[in-house]
Amino acid sequence: MRERIWAPLPLLPLLLLLLPPPLWGGPPDSPRPEAQREPGPLQPFDLLYASGVAAYYSEDYEQAVRDLEAALRSHRRLREVRARCARHCAARRPLASPGAGPAAELPFFRALLERARCYRSCQTQRLGGPASRHRVSEDVRSDFQRRVPYNYLQRAYIKLNQLEKAVQAAHTFFMANPEHMEMQQNIENYRTMAGVEVLQLVDREAKPHLESYSAGVKHYEADDFELAIKYFEQALREYFSEDMECRALCEGPQRFEEYEYLGYKAGLYEAIADHYMQVLVCQHECVRELATRPGRLSPIENFLPLHYDYLQFAYYRVGEYVKALECAKAYLLLHPDDEDVLDNVDYYESLLDDSSDPASIEAREDLAMFVKRHKLESELIKSAAEGLGFSYTEPNYWIRYGGRQDENRVPSGVNVEGAEVHGLSMGKKSSPKIDRDLREGGPLLYENITFVYNSEQLNGTQRVLLDNVLSEEQCRELHSVASGIMLVGDGYRGKTSPHTPNEKFEGATVLKALKFGYEGRVPLKSARLFYDISEKARKIVESYFMLNSTLYFSYTHMVCRTALSGQQERRTDLSHPIHADNCLLDPEANECWKEPPAYTFRDYSALLYMNDDFEGGEFIFTEMDAKTVTASIKPKCGRMISFSSGGENPHGVKAVTKGQRCAVALWFTLDPLYRELERIQADEVIAILDQEQQRKHELNINPKDEL
């Protein structure tokens, strides 16, 4: 059980004073013309959603569309009401600072109660009834987060022959589920139905601040700095508005995972602190939330600072040196050691007229207030963590991998008016050339392993094919244990067919195998074999490619792909589409962008096959066009293919048309920061098992031998 935590209350009033003023402070009944309002009390979106899904399966598509669209409006309205009421009540009912002497805390708690009453009254009035009617299950909340209602909508709209609305719904769903191959195919089919090459794709849930930011970058790249400024400034206004909404929504109910709600027996201050710290961490994480595009796991790196980095140069280019200086100084609040921007500051100051005092020009106030609050939140969370015994590590929110990829830096004392100014790329980085020596041919370390093909024979770079890495007996044992530990969709949020609807995908990790073995659900010896052969593969890859540093696991996965009966005729899809392992493949541009959500830290990959009693399923390498096959490998027991993970090695898997294809998939990294956490835990389990085995061996020593 987690240690109880409490928040040092003296810091709380200071934190509240540093919050930016609310963006909306009117009374709760103030009208908002653009808001779509349903007549009468707001209907709970989970009930509307359930009704829409039921209508869909009853083939009443008109009713399905009405209910699903109403559910989306209700969900949107509920979020809006919660955020507005939180901002309104924070402005109307500020929390009082605790005083001194007897009952000094009472003014604070009076203000707290007044804010709670304000919030409840505001919600009840705006929703047309108690807010408790709108509490939903975690499953429904997850469906709306993943935009599942749009999947039903696009199908219903097609049944009603409303192609344009079907395309919008399909695209909206696909934006949050980019790995959903069936939806991608649906959009292609709609394009064919419409008889046009390009359909207008509208994301109905697009975040305004991300759209404005992208527009700003686009105009910046075109050297249209006036419009770039307009959109970047708009993006910042929208960002801070979204930030306030994100923070307000964090103030809702919290889950206490360590104990059941009815069994939660904390005292007054423990309960307040427990809840408040979860809310504060959630609010602190809004930085990542707002920088993450739908369907992506990783945020746009350095997202908020980049706005000011773009703006400082754009303002310079239009001759507004004071604003350029303010933006440059704002950027330095988060990156005080950036030498390029420090040089820019000196240069902008030299351009000011005599009436302007450089010392009086400070960093932009919007970011200055934001940074003050962010730093104070960090101090408050860290102080609670250190003093109260819970774990917290401050993420690096402003990592500079995502810096501007142009040459628009103004060196001190240089007149760049006549100099060539290079264009920008959109912050994308094409897959760089491998920055290590391309070597191969090192020893294979183990007896009986057979070398088959090297890179040249496989028509590529950093590729090797080996046989007999596993024995027939080991293949059978692994295949047997697979049936006992695998879950459908493991590693892909439980999705039965994450890559193609024509196959079932199952998987399991090393730690899960060891856990099942330790519990006796599968033979422990077999579970350990999974661990041992993956370590064997790591050593072979490290040795063969003659790496001069340690290779670490980044992910270890046993996977099986099973052809679904009745779905194999005239298949044209792949079991796994062509991709690269550490960058986003762009076949049309013949590029591979090394940016999230790609696993940019992966350096080498390997696949170790367990069987060949299936049809199809060949592993293929292609050119970067994702079409031209350069090598095709038929899996069989004990065969291993290994290769570097970048854009030099696009690959995929042909359709499995009969039977089940099983393999151990391995990804490695040279950066210890990205070691697989489950692998570290598995190492600890193995160490414990080895110690137990050693103790058993010692206990079995013949007492006479000790004499």
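The chain has 21 helices and 16 strands; helices (H or I, at least four residues) and strands (E, at least two) are DSSP runs, numbered from the N terminus. The structure is a predicted model, in which local features need pLDDT of at least 70 and side-chain atom pairs count only at pLDDT 80 or more, while totals for chains, interfaces and linings use all residues. Residues are numbered from 1 along each chain as its sequence is written, and side-chain values use heavy atoms, with hydrogens and water left out.

Of the 707 residues in the chain, 46% are buried. Here buried means under 20% relative accessible area, exposed means over 50%, and partly exposed lies in between (1.4 Å probe, protein chains only). The chain exposes about 36,000 Å², of which carbon and sulfur atoms supply 50%; accessible areas come from the Shrake-Rupley method with a 1.4 Å probe, and for residues only the protein chains shown count as cover. Among contacts (heavy atoms within 4.5 Å) between residues at least 6 apart in sequence, 75% join residues at least 24 apart.

## Strands and sheets

Strands of a sheet pair through backbone hydrogen bonds, either parallel or antiparallel. Two strands are counted as paired if DSSP finds at least two bridges between them. Phenylalanine 619 stands opposite valine 653 in β14.

Strand β16 (residues 660-669) is mostly covered, with 9 of its 10 residues buried. Strand β5 (residues 552-563) pairs with β16 in the antiparallel sense over 10 bridges, and phenylalanine 553 stands opposite phenylalanine 668 in β16. Strand β9 (residues 604-609) also runs antiparallel to β16, joined to it by 6 bridges. Alanine 606 stands opposite leucine 666 in β16.

## Salt bridges

The structure holds 22 salt bridges, each defined as a side-chain nitrogen of Lys or Arg within 4 Å of a carboxyl oxygen of Asp or Glu. Three of them are listed below.

| Aspartate 143 | Arginine 146 | 3.1 Å |

In the pair of aspartate 143 and arginine 146, aspartate 143 is buried at a relative accessible area of 19%, whereas arginine 146 is partly exposed at 26%.

Glutamate 242 lies in helix α10 (residues 225-249) and lysine 207 in the loop between α8 and α9, so the pair ties together parts that are 35 residues apart in sequence. Glutamate 242 is buried, at 15% relative accessibility, and lysine 207 is partly exposed, at 33%.

## Backbone angles

Most residues other than glycine have a negative phi, and most peptide bonds are trans. Arginine 147 has a positive phi, near 65°, and a relative accessible area of 8%, which places it among buried residues. Asparagine 459 also has a positive phi, near 60°. Asparagine 459 lies in the loop between β1 (450-453) and β2 (463-467) and is exposed, with a relative accessible area of 51%.

## A nonpolar surface patch

Leu268, Tyr269 and Ile272 form a nonpolar patch on the surface, with about 290 Å² of accessible area together. Patches are made of residues with over 30% relative accessible area and no salt bridge; like charges are joined within 9 Å, and nonpolar side chains (Val, Leu, Ile, Met, Phe, Trp, Tyr) within 5 Å. Isoleucine 272 is in helix α11 (residues 268-284) and is partly exposed, with a relative accessible area of 34%.
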